[in-house]
Amino acid sequence: MGERRSGGDSDRRIGRRALLVGGAAAAVGAGVLARDELAELYWRLPGVRKARVEGAVDFRGARWVAASEANFRWADRPDDYGVDMVVVHVTQGDLDSAVKAFEDPGHRAAAHYIVGKDGHVTQMIRELDVAYHAGNRAYNERSVGIEHEGFVDRPQDFTDAMYTASARLTAAICRRYDIPVDREHVIGHVEVPGTDHTDPGEHWDWDRYMRLVREAHLASA
């Protein structure tokens with residue numbers, strides 16, 4: 001979350017593959033769209049969602065707690081938006097308060113994951129979907145957001161268990177979407193264009209973290 005959280009995702013455009021069926025048919029003629037493409041697009045009509053497995057997680061061992069639907073946008077990544085980035089956040093609070101915030105529709109923001117000081121991982125939004133975590137629509141669409149329990153000015157909050165668990169999570173995400181394991185693609189919230197956030201802050205050990213991510217990435221090869 002960092003020091004401030006800009007909520008929502010004001011531009012509700014859908015992705016490159018995500019044309020509304022009615023508008024597409026009107027524009028180019030229903031016969032032009034293949035039947036299988038229409039089948040892929042039907043769920044984007046208002047009130048229709050692509051089928052999901054309730055409670056499913058993308059990272060083994062994570063617990064599932066659903067974020068409010070007001071804090072993310074339904075999607076079908078990486079088909080409609082390519083995923084090529086991980087954004088590291090700090091909650092500026094404890095784990096329970098972050099979970100409650102992401103469950104609150106008035107918060108208008110949430111990340112895909114929260115990593116606790118004890119190393120346990122909570123997933124609140126599927127990686128398929130666009131979480132409102134970066135305060136930048138384009139970065140939201142292309143990234144997975146990972147919150148970390150604690151405060152940016154408390155280096156003791158960044159525990160060994162947290163670093164290890166988060167590194168494994170980031171490595172798994174990078175492997176899943178073929179994201180390069182480097183600082184151009186694994187960034188802090190502070191590095192998102194236009195942000196007024198400072199997380200993960202000066203006490204986040206990027207050298208240590210990226211070494212752990214690389215090790216975890218190689219170990220899973």
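This is a predicted model: local features need pLDDT of at least 70, side-chain atom pairs count only at pLDDT 80 or more; totals for chains, interfaces and linings use all residues.
How many salt bridges does a search of the whole structure find? The search finds 11.

## Overall make-up

The protein has 221 residues, of which 51% count as buried. Its secondary structure comes to 6 helices and 8 strands. Read from the N terminus, the elements follow the order α-α-β-β-β-α-β-β-β-α-β-α-β-α.

## Arg73, Glu141 and their surroundings

Glu141 and Arg73 form a salt bridge in which the closest N and O atoms are 3.3 Å apart. Glu141 belongs to helix H4 (residues 137–142) and Arg73 to strand E2 (residues 72–73), so this pair ties together parts that are 68 residues apart in sequence. Both partners fall under the 20% limit for burial: Glu141 counts as buried because its relative accessibility is 10%, and Arg73 counts as buried because its relative accessibility is 8%. The contact is part of a network of salt bridges that links Arg73, Arg137 and Glu141.

Ala75 lies in the loop between E2 and strand E3 (85–88). With a relative accessible area of 1%, Ala75 is buried. Elsewhere, Arg142 lies over the face of Tyr139, at 5.2 Å from the ring centre.

Asp157 lies in the loop between strand E7 (143–148) and helix H5 (160–177), and Lys117 in the loop between strand E4 (113–115) and strand E5 (121–123), so the pair ties together parts that are 40 residues apart in sequence.

Lys117, with a relative accessible area of 31%, is partly exposed.

## Contacts between helices H5 and H6

What joins Arg208 to Asp160? The two residues form a salt bridge, with the closest N and O atoms 2.5 Å apart. Arg208 is in helix H6 and Asp160 in helix H5, so the bridge ties together parts that are 48 residues apart in sequence. Arg208 is partly exposed, its relative accessible area being 24%. Asp160 counts as exposed because its relative accessibility is 51%, and the cut-off for that class is over 50%.

A search of the whole structure finds 7 aromatic pairs. One of them is formed by Tyr163 and Tyr209, a tilted pair with 6.4 Å centre to centre and 50° between the planes. Tyr163 lies in helix H5 and Tyr209 in helix H6, so this pair ties together parts that are 46 residues apart in sequence. Tyr163 and Tyr209 are both buried.

Which residues form one aromatic cluster? The members are Phe158, Tyr163, Trp204, Trp206 and Tyr209. Trp206 has a further contact: Arg183 lies over its face, at 3.7 Å from the ring centre.

Helix H6 spans residues 206–219, and Ala219 is part of it. Ala219 counts as exposed because its relative accessibility is 68%. The C-alpha atoms of Ala219 and Arg168 are separated by 9.7 Å, and the two residues are 51 residues apart along the chain.

## The second largest pocket

Rolling a probe the size of a water molecule over the atoms shows where empty space is left. The second largest pocket holds about 250 Å³ of space. It is lined by 16 residues, and those closest to its centre are Arg52, Trp64, Ala66, Trp74 and Arg126.

How many residues of each class does the lining of this second largest pocket have? There are 9 nonpolar, 1 polar and 6 charged residues in the lining.

Key: Residues are numbered from 1 along each chain as its sequence is written. Side-chain values use heavy atoms; hydrogens and water are left out. Helices (H or I, at least four residues) and strands (E, at least two) are DSSP runs, numbered from the N terminus. Buried means under 20% relative accessible area, exposed over 50%, partly exposed in between (1.4 Å probe, protein chains only). A salt bridge is a side-chain nitrogen of Lys or Arg within 4 Å of a carboxyl oxygen of Asp or Glu. Rings of Phe, Tyr and Trp (its six-membered ring) pair if their centres lie within 6.5 Å; planes under 30 degrees apart count as stacked, over 60 as edge-to-face and the rest as tilted. A charge sits over a ring if NZ of Lys or CZ of Arg is within 6 Å of the ring centre and within 35 degrees of the ring normal. On a 1 Å grid over the protein atoms alone, a cavity is a set of points where a 1.4 Å probe fits but cannot get out, and a pocket is an open set with protein on both sides within 12 Å along at least five of seven lines; lining residues have an atom within 4 Å of a point. Grid points are joined across faces, edges and corners, and a volume is the space filled by probe spheres set on the points. Ala, Val, Leu, Ile, Met, Phe, Trp, Tyr, Cys and Pro count as nonpolar, Asp, Glu, Lys and Arg as charged, and the others, Gly among them, as polar.
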